[in-house]
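Hello,

Here is the structure I promised to pass on. Please have a look at it first, and then read my notes below.

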Amino acid sequence: MAEEKTITVDMLIQKILDGEKQYDLSKIVSAFELANKYHDGQKRESGEPYITHPMAVAYILLELGLDTDTLCAALLHDVVEDTDCTLEILQKKFGSDVAMLVNGVTKLKKVETFTKDEQKAENIRKILLAMSEDIRVIIIKLADRLHNMRTLNYCRDEKRRNIAHETMNIYAPIAHRLGIRSIKDELEDLSFKYLDPYAYNEIEKQMNLRKGSRDQLVEDLKEKIRERLEKDIHPTPAIEGRVKSNYGIYKKVYRDGKEIDQIYDRYALRIIVNTVTECYNVLGIIHDMFRPIPNRFKDYISTPKANMYQSLHTTVIGREGVPFEVQIRTWDMHRTAEYGIAAHWKYKEGVAGGSSKDDQRLAWIRQIIESQQESDDVEEIVRAIKNDLAPEDVFAFTPKGDMITLPVGATVIDFAYAIHTEVGHKMCGAKVDKKMVSYDYQIKTGEIIEILTSNVAGHGPSRSWLNICKTNEAKSKIRLWFKRERREENIFEGRSALEREFRRNMIRVPEDELEEFLKMDMKRHNCDTLDDFFAAIGYGGVQLSKLIARLKNEYNKKYGEKATAENQPEKDIKSATGNSAGIVVDGVEDCVVRFAQCCNPLPGDEIIGFITRGHGVSVHRKDCVNYLNQKDDPAMKDRWVSVKYEGTGKKPGYFKCTLDIIAVDRIGLLADVSSALAMINIYIYESTARELKNGNAILSITVSIAGMEQLNNVINKLKKIKNVISVERSGR
Ligand code: MN
């Protein structure tokens, strides 16, 4: 990156005179003089006079084509904060617009430093609010940040990282959403350079190595295309070569795991024409000249991106099999693509009233402010900004043809909530292009999505959706629902509490008899279903401590002496392992063996057998509560026999095993767990997630496991996932 050149007042004036746009030059010069007077004697960290900074900011804004008042405000943007100059002085000399803009920038500056988390959140909210008031405030702020980033090497090390981080997370996405591509690319590249200097240098090196051949290739292609277009399109369209930004390459190389030479749009050509019809004509010609790569064509003319970007994109294979991207657009679209919201000033003589209230690009700002009104969670807000400003959006359609725009990675859940809150709450499934998909299905552009809803009373979102959905909108709606109706969580809590109490009291009622067993208590508490009863326990309407003594009596009466180890519910070993049970019972041959369901032993566990009356030997873990409680009972002592797993040579059987994962709650946890398991070919039968009181999450997954060794492997894999605190077998 070139050294930043110092902008002088003569350069600024010359640039204004060279341009076509009308400016009030004397007003700008007197703004400069006032700023120069107040900043006199102040120095930047580079040692240069302070005035060079507002000068550079004004120059950037001039390049973007902003108006006289914005340039004056840029020159004066630091005087109120850093000098004795007051807003009243500015108001008197330059009018209320300039004063208002400077005030907006000053307010933003006051909260700029990253200190406490609440302050960070507040900072972001202020940025959003300032933007929604007058968009020029944030454009000045972006130019200010850009110049500070260009001169960041003069800054202290840790401060540098903080600023780069904030720029990458907040300012670059905002520039992107406002469509100001030049600022966005430069902010990203500069932040990237400070956040990951190693990768930055590596990419710079790699790109330089390829520069010669790349430039030659692009020149050849341009020439070839120009020759052909000259014949068919008049006037001949402009053709530009385009190099992908370093950060753009970094994302593909480091994030998507591509090789530099695999990046299709590393080489790109841009063809700019006069009319939309010509766009499609040029597309036809390009596809005639070169072979298009399937599925790489995107029509952002008929469906513009959320930041109003429009173009046709296609990737074709050129000479020698090198793929390259071609972007085709009109001049009008080109201006929007390069300058975004700033094009209002550059090409349309500003916007009525100084702000563009009807601009779609402003609608999302208001949306974020509304959805973040109550949140103090910085991570959440940053996530909201980044997600809602994700570099790419996808567009999908309802069966009626309404288009819904969502960030990349959004799932059918996000889609449902984007249609309507109630559709989200009632969702019970989704079809994409008429096929059923799972909840975590990620939407792709152009798909038709039908949300299936349930009208069953009490149906609502699942807590695990919070880990699946991507948009802030869906998340806050789901949270709200749980705030109102925590039924699902209550059921879970209630059921676990009951199971815990039962275990403690050695009550073991088979699942299908549970309802019958609890019937009386359910009736007494007006609960129609078991879930109602669990929910009542969960929210405290039913106090277990008051029931348990009686339930235990009842249990002993009803199940009597059966309540011993021999009648623990068991599953036939054959169902789990086929005929090769893999268990050898001490001194007994050909004996029927079952695994006790109370502890679900796995190969590799320390095990013990219990000779049942008529059901063969039931196998328990040595740390099973039932074994520990009964092993010393003289009446049963002789019925415990030692058993062991047979050695190798047998095909391993598969066992279901439930693992409790406790983790710091975060988005994508479930996704990370499932992909970690998928990598080692472990299939998840079931998963439930809930939030713990301390903010952590507990995720219970049931998987199929071949043995102890594999189980340990799985547990180790899971423990390595970011934010995972512990992984344990359930029900120990
Ligand atoms: Mn500044």
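To start with a term: two strands pair if DSSP finds at least two bridges between them. Strands themselves (E, at least two residues) and helices (H or I, at least four) are DSSP runs, numbered from the N terminus. This is a predicted model, in which local features need pLDDT of at least 70 and side-chain atom pairs count only at pLDDT 80 or more, while totals for chains, interfaces and linings use all residues. Residues are numbered from 1 along each chain as its sequence is written, and side-chain values use heavy atoms, with hydrogens and water left out.

**The open sheet**

Glu691 stands opposite Ala697 in S21. S20 and S21 (residues 696-705) are an antiparallel pair with seven bridges. They belong to an open, antiparallel sheet of four strands, ordered S20-S21-S19-S22. S20 (684-691) and S22 (724-729) are at the edges with a single partner strand each, so one side of each has no neighbour in the sheet. From one strand to the next, the twist averages 20 degrees.

Helix H29 (residues 669-679) packs on this sheet, touching S19 (655-664), S20, S21 and S22, and its direction makes about 25 degrees with that of S21. Contact means heavy atoms within 4.5 Å. Axes are lines fitted to C-alpha atoms, for helices over the stretch in contact, and angles run from 0 to 180 degrees between N-to-C directions. Helix H30 (residues 708-719) lies across S19, S21 and S22, at about 160 degrees to S22.

**The manganese ion**

Which residues hold the protein donors of the manganese ion? They are His53 (NE2), His77 (NE2), Asp78 (OD) and Asp144 (OD), lying 2.2 to 2.6 Å from the ion. Donors are N, O and S atoms within 2.8 Å of the metal (3.2 Å for Na, K and Ca); water is not among the atoms, so sites may look incomplete. Asp78 is in the loop between helix H4 (68-75) and helix H5 (79-82), and Asp144 is in helix H9 (residues 135-150), so the pair ties together parts 66 residues apart in sequence.

**Strand S15**

Four of the five residues of S15 (residues 607-611) are buried. S15 pairs antiparallel with S16 (residues 617-621) over five bridges, and Ile607 stands opposite Arg621 in S16. Two bridges also join S15 to S17 (residues 640-641), again antiparallel, with Phe610 opposite Trp640.

Best wishes

Notes:
Buried means under 20% relative accessible area, exposed over 50%, partly exposed in between (1.4 Å probe, protein chains only).
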